[in-house]
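Good morning, and thank you for coming.

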Amino acid sequence: MALTVENALLDGERVGIRCADGAIAAIGPGVVAEPGDEVLDAGGAHLVPPLVNGHTHAAMTLFRGSGGDLPLMPWLEEKIWPIEAKLSAEDVYWGARLACAEMLRSGTTRFWDMYWHPEATARAVADAGIRATIGAPLFDLHGSPEQLREMAHRGLEVLAGCGPEITPALAPHAIYTVSEGSLRWIGELSAERGLPVQIHLSETEGEVQDCLAAHGARPAFYLDRLGLLSERTVLAHGVWINPEELALVAERGATIVTNPVANMKLAVGGVFPHPAARAAGVPVGLGTDGAGSNDSLDLLADLKTFALAQKHAAADPTAIDAAEAWAVATGAGAPRLGATRLEPGAPADFLLLRPDSPELGIGELTANLVYAASGAVVDTTVVAGRVLMRGGEIEDLEEIVVRVAEHGERLGL
Ligand SMILES: [Zn+2]
């Protein structure tokens, strides 16, 4: 079944967009529906590419509102890890379903996920119709390297047959929770199978100091020494990364995903140095991090925080402009994150923004999206030519909210 959206606004021009077999078949001023198409009248809504959430832990919607206003390590050790030890696949499924619904509602159609029971997240992604790169979190801090390898293989196995919307990845949690030998092994496995790797890096200053003390190198150089810094690597955070490390990251072709809201909530004491990363040529994306540490998954709202944090940290309002911030949020600045363009042949993923939205009624669209809008301006979300949200309504959302509350209660959250 083909879908044609008519009467949309793209860069100020009335256009149609026709989708067939999950891809954009045609887009432009003369494009109209063909006989048999499902037709959607956009009513003059702005047509824009969707957002890519470059780093999250989807099922952590279960932990929303239970953060306790703590710093990173006490938060993990007191609030998160003891409860995660009790998580079932069903808990993860419903937490991830809620995350998918929230992301679709606020304009995200692809996300990068690191979480327990990755098969449950994959099932939630498939049921929601969204896209994701998923990795089982790999730790050997409280276990053995053998257990870590088993977890990695099992994660890849269960994700392998999950359909085209799921990309399997390796997800070592961090350099302070995974041993040197295991990190090296993960680097080798990634190279051998061409698998993406996502890892938290340089989130806190303490992590950098500990790395220097234990390994005699800053975190990016340490990762590189272990063969884990390549064009397949996505580094979450990079708050405390320095110019020499940025040059190395750029040379290796790795991507950095900044998560400004989670960083501010956990008060990591710094801001990701985006102007320096841009100067070095590092591909940069934007993430929310999990709802346990954000606590929202509205990437469009976080985009404002990202831009403002950059301006504020640089004491310079020109440190980043709206067009560049928008490119970061849509993944256009970091090709490895999997964003697609609004052009024939590309996957049919796009958004229609409410034409009557007060935040978008006057002025320049991109500036309004960055500085005035939140996810509430998204009216329609389409993934692979399927309308997953229309008029701000997502099917099953009511049931999902009820089920998440039940699972949260079971876990004592
Ligand atoms: Zn994270």
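A residue is called buried here if its relative accessible area is under 20%. Please keep in mind that this is a predicted model.

I begin with the zinc ion. Which residues are its protein donors? They are His55, His57 and His200, each through NE2, and Asp289 through OD. These donors lie 2.1 to 2.3 Å from the zinc ion. Along the sequence, their spacing is H-x1-H-x142-H-x88-D. By the definition I gave, both His55 and His200 are buried. The angles among the 4 donor atoms run from 86 to 170°, and the site is irregular. For comparison, four ideal tetrahedral donors would have angles of 109.5 degrees.

I turn now to helix 12, residues 322-329. Its buried residues are Ala322, Ala325, Trp326, Val328 and Ala329. They lie on the same side of helix 12, because they cover an arc of only 155° around the axis. In an α-helix there are 3.6 residues a turn, so residues three or four places apart point the same way. The buried residues of helix 12 pack against several elements, among them strand 6, helix 11 and helix 13. After helix 12 comes Gly331, with a positive phi near 80°.

Finally, strands 17 and 18 pair in the antiparallel sense over 3 bridges. Thr381 stands opposite Met389 of strand 18. The two strands form a hairpin with 2 residues between them, and Ala384 in the turn has a positive phi of about 55°.

Conventions
Residues are numbered from 1 along each chain as its sequence is written. This is a predicted model: local features need pLDDT of at least 70, side-chain atom pairs count only at pLDDT 80 or more; totals for chains, interfaces and linings use all residues. Side-chain values use heavy atoms; hydrogens and water are left out. Buried means under 20% relative accessible area, exposed over 50%, partly exposed in between (1.4 Å probe, protein chains only). Helices (H or I, at least four residues) and strands (E, at least two) are DSSP runs, numbered from the N terminus. The arc is that of the directions from the helix axis to the C-beta atoms. Contact means heavy atoms within 4.5 Å. Two strands pair if DSSP finds at least two bridges between them. Donors are N, O and S atoms within 2.8 Å of the metal (3.2 Å for Na, K and Ca); water is not among the atoms, so sites may look incomplete. Four donors count as tetrahedral if all angles lie between 85 and 135 degrees; four count as square planar and six as octahedral if opposite donors are over 155 degrees apart and all others between 65 and 115; anything else is irregular.
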